[in-house]
Structure formats: C-alpha cells, structure tokens
Amino acid sequence: MKYAIIGAGLAGLTAAYELRQLQPDAEIDVFEADERIGGKLYTVPFESGRTDMGAEGFLAFRKDATDFFETLGLKDTIVAPSGLKSLFYCGGNLHAIPMGGAMGIPASSKGLEGLISEETASRIEAEKDQPGIDWQPGKDMSVGKLVRERYGDDVVDHVVSSLLGGVYSSSADDLGIRATIPQLAAVFDKMVAEGEKVTLAGAVEKLDAARAKMREAAGDAKPKPVFGAFKDGYAQLYEELAEQSGAQIHLDSFISGIKRGPGGFRLEKAEGVFDRVLVTTPAPTAAAQLRTVSPEASAALKNVKLASSVVVGLKFDSAEGLPDNSGILVAADEPGVRAKAFTLASKKWPHLAERGGALVRASFGRFGDDSLVRANEDDLVDYALDDLQKITGFDGRAAGLSEIFVQRWFGGLPCYNDTHLETVAAVRAALESVPGIDVAGAWADGVGIPNVIAGARAAAARLVK
Ligand SMILES: Cc1cc2nc3c(=O)[nH]c(=O)nc-3n(C[C@H](O)[C@H](O)[C@H](O)COP(=O)(O)OP(=O)(O)OC[C@H]3O[C@@H](n4cnc5c(N)ncnc54)[C@H](O)[C@@H]3O)c2cc1C
C-alpha cells in the first residue's frame, strides 16, 4: 500500500510512525513545504543548549501521550517542571492565579480580589439567582459572550482571556465553550438533561466539587506534575518519529492540490500515485488541497481562521532579580504592556536552570491583530525587555543578554470558536464520500500535543482499513 502524508509537523510524523507499526511493509511518503520537519515544534540550537521556540510542554496527565513517548524510547528524556506558580499581571500589579474554576471562570469571587471590581464580585455571587442560561445541548457558545453576560467584562479581560489566550492565542470572545472547555459544556448539557436551571456559577461549582472528590480519592498521594517537556526540546520527539517511521520525507515539497485518477491519488507538484492520502496541513492550506477531491470539505474548512503570535527567546547571563515563578500572564486590556505572556523558562524547568543564567520566552500577538507579529526584531526585543522590567523589576539589559531568537508564527494556531466543532464535523462528514483521504492535525483534533498525537494515530488506523 502506498501512503502520502502532506505535512511533516507532529500530526504528519506521528501518522507516518503509526502507519509503519500497523503495516510494516507500507510505502510512506511525507511531503513537507518547509526546509525542516516539526512544524509548530521547533527546537533551536542556542549556544547554551537546544531550546524550544514553538510548543515547549505537554499535558503530562495524558497517559496516552506519555505511554506513546515511552514506546518511542523517550521515557528518560522527559522532564518535570519545578512546580513554581504562574502569576497574572493586571492593573499594574502581580496577582496569584485563582485556584479552581474552569480556565479562569470562577464559581465565586473568592480569590479574585484585586483582579475584578466590587460590582463584578457582587454579580458573580448573585449569578445563580439570575434567570437560567439558554444552553442548547450539543451546541456551542462564545466563552467571552457568556462570561461577560453572566459575570462582567473584567472577568473576561483580566482572567479568562489571559488563561485561554495562553493556549489558543485568541481572546475568550473568539473561542467556544465546548471547543475549548468541553468539561464545562458537558456539565451544562447534564444540567439541561436533568431539568436543572443552568447557571455559570452552579456549573463551575460542580466542576470544582468533582475535582475535590478526585483529590480526596487520591488521598495523600503526591500530585503528579501537570506538564512535562523534553530535556533537549521537542526535536527529540520529531526526529525520533521521522527516524522510526522509516518514511521517505521530501522537504521543500509544497503540495497545492490532490487529484483522484486511475490507479489512485496524485499530488500536485509531486511524483507518484498513492492509494491513501493524509492531509495534516493548517486549515486554509488543507482547504486548498482538498478543493478538487472534496469541494464540500474545502468550503467548510474555509471557516477556520488562524491566530498568529511571535515568541521572543531571551538568554540572560544572570537570573538575579527574576521572580521565583514559572510565568506571567498579562491581562488582555492591560495598558502600556505589549507582551501577552512571559514564560520564565529557566524557573519553570529545572533542566533549563542547570544551564546557568536565565531563559525567558516573551509572547506577543492575539487573534485579529498581527501588528506585533510583524514588528521588527529589534523592536520586539526592546518591547520584551521593557515589559519584563516593568512587570517584574528584572533589568534584562543589565543582566547581560547573551542570546536572542525571534520566531514568528503566522497563523500558528486555529481559532477554536463557537462554530469550530461543527466545521470539523462537516469536513469529516464530507470526506466520508472520498474513501482513501483523511485529515489530522491541530484544527481537526485539538491544539494540544496529546490531542494531535491521538488524532494522527486514529487517522492512521482508519487509513489502513
Ligand atoms: C507558539 C506556539 C506554542 C505552542 N505551545 C504549545 C505547548 O506548549 N503545548 C502544547 O501542547 N501545544 C502547544 N502548541 C500547539 C502545538 O504545537 C500544535 O498544535 C501542534 O504542534 C500542531 O501540529 P500539526 O502537525 O497539526 O501542525 P503543524 O505543526 O502546523 O504541521 C503542519 C505542517 O504542514 C506543512 N505544510 C503547510 N503547508 C504545506 C503544503 N502546502 N505542502 C506541504 N506541507 C505543508 C507545514 O510546514 C508544517 O510542517 C503551541 C503552538 C504554537 C504556535
């Protein structure tokens, strides 16, 4: 069987590896437009050591992902974080991130002191007395719209958008509840099914209670770290996948379309005829590639918008004066600060601290506003240093800035808005009438590393049938 995989990011390489496991004698060709593999995983050779400038961690409680890394022989390369807390920067001050809640959506105003007004605090406390939310089971709703209506703007702008934006590069207004906080949508569905009045505080309270129960069941067991990372960066993963897949990887191979003809599928701008094709490119590219074989899937995919960001990696000679925290999320409406977040990487990850000095990643850019992503490199470095000093007092220039890397991610993340899941379902339904073609990747399966891996493995299993 001959397989073509378009895109050598995590989805494409995972699918290639999985196909090899499922069908050892398969012929697998991976076509990658870039001159390197990895896509949004990108480990850069800093002089001080290999450093991630795209994704840097993964959710370590996803056992399917950690088992997969173990199968690849990467168990000993996985490292745990320090456990230092992250902070919010809001109203010119640093604040602890409130415990509990659903991506910053609280069940009560407790712990939000300093982040929201007294009026908002009273609204949160009284929310359960309001008429219920008109929640349609199975459907979705904008996170920002709902939280603004029920609690008030400052919960969205100071808390929820910062937390969700850290994952999706989009504000809460541009993200769907079911698409990004599915556990909350599931509680809403259940409340409707049981004839209960649907309120935000009531639903989040149920989530908090379920979590408390899980903690109780775990007893004294030491909580496992939420995140994990690769000691020498994600290159360890994508290089291993490429190697173990035994696939023929064609770099600098931009695929513009797929055609079905006698004997199988042909890719525009590539040699060969294939029995099966897996598309793992970002949504707008996938839309273009599918336009001939599935105009319906292509049309649906055009609904997916992308969010851009830029990561500025800064290596300092000294860490003196840098707070003992893993990172800082900046409130979406904070005046006079351009950065949206700082990862204090050498505080967050002990293996990076061992390199000496300090490593900081500053992130800029939100959905709908590319201006900072397009700013010139010197300006971005200045913005990062100025904002870091303003927020933490750490003077990066005085600390000695020895290495800089600026990585722009144009269209780096799909926007999981309140129609996204419907779009993905429409694409999958349309592709059912085109046997031999499948899709995987961040827009199809979820943006987190474990989701992308699970989606790509499932796609490979479907393709071999
Ligand atoms: C800045 C940033 C930080 C992130 N941090 C984290 C994190 O810490 N933890 C986490 O879990 N997730 C994180 N993510 C998300 C995660 O990295 C991505 O969801 C995941 O890597 C996407 O993998 P993919 O294979 O679906 O897509 P991609 O990585 O985008 O791969 C698609 C590939 O297709 C190629 N391609 C595009 N067009 C063509 C064409 N015409 N022909 C051939 N090839 C083409 C691209 O060059 C690319 O290599 C982050 C994302 C970004 C942008």
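Q: What makes up each of the three domains, domain 1, domain 2 and domain 3?
A: This is a predicted model, and the protein splits into domain 1 (2-37 + 235-305 + 416-464), domain 2 (97-218) and domain 3 (306-414). Those bounds come from an automatic or database domain assignment.

Q: How far apart are the C-alpha centres of domain 1 and domain 3, and how many residues does the contact take from each?
A: The centres of domain 1 and domain 3 sit 33 Å apart. Eight residues from domain 1 and six residues from domain 3 make the contact; they count because contact means heavy atoms within 4.5 Å.

Q: Why is Lys-197 called partly exposed?
A: Its relative accessible area is 41%. Buried would need under 20% and exposed over 50%, so a value in between is partly exposed, and that is the label for Lys-197.

Q: Where is Lys-197, and what does it touch beyond residues up to four places away in sequence?
A: You'll find Lys-197 in the loop between H7 and H8. Lys-197 touches Lys-128, Asp-129, Gln-130, Pro-131, Gly-132 and Met-191. Take Asp-129: Lys-197 is 68 residues away from it in sequence, with 9.8 Å between their C-alpha atoms.

Q: What makes the crossing of H1 and H9 left-handed?
A: The label applies if the near helix is turned anticlockwise from the far one by less than a right angle. The axes of H1 (residues 10-22) and H9 (residues 235-245) cross at roughly 35 degrees and come within 8 Å, and H1 passes H9 in the left-handed sense.

Q: Which residues make that contact, and how do they divide into nonpolar, polar and charged?
A: H1 brings Leu-10, Leu-13, Thr-14, Ala-16, Tyr-17 and Arg-20, while H9 brings Leu-237, Tyr-238, Leu-241, Ala-242, Gln-244 and Ser-245. That gives eight nonpolar, three polar and one charged. Arg-20 is part of the contact, and Arg counts as charged.

Q: How many residues are in the largest nonpolar core, and why does this core lie between domains?
A: The largest nonpolar core has 45 residues, with Ile-105, Val-143, Leu-184, Phe-188 and Leu-200 having the most contacts inside it. H5 gives the largest share, seven residues. Domain 2 and domain 3 both contribute residues, so this core lies between them.

Q: What is Phe-188 in contact with, leaving aside neighbours within four places in sequence?
A: Phe-188 contacts Ile-133, Trp-135, Leu-146, Ile-177, Val-198, Thr-199, Leu-200 and Ala-203. There is also a second, separate core of 38 residues, including Ile-5, Ala-15, Leu-72 and Leu-241.

Notes
Residues are numbered from 1 along each chain as its sequence is written. This is a predicted model: local features need pLDDT of at least 70, side-chain atom pairs count only at pLDDT 80 or more; totals for chains, interfaces and linings use all residues. Side-chain values use heavy atoms; hydrogens and water are left out. Axes are lines fitted to C-alpha atoms, for helices over the stretch in contact, and angles run from 0 to 180 degrees between N-to-C directions. Helices (H or I, at least four residues) and strands (E, at least two) are DSSP runs, numbered from the N terminus. A nonpolar core is a set of buried Ala, Val, Leu, Ile, Met, Phe, Trp, Tyr and Cys residues joined through side-chain atoms within 4.5 Å. Buried means under 20% relative accessible area, exposed over 50%, partly exposed in between (1.4 Å probe, protein chains only).
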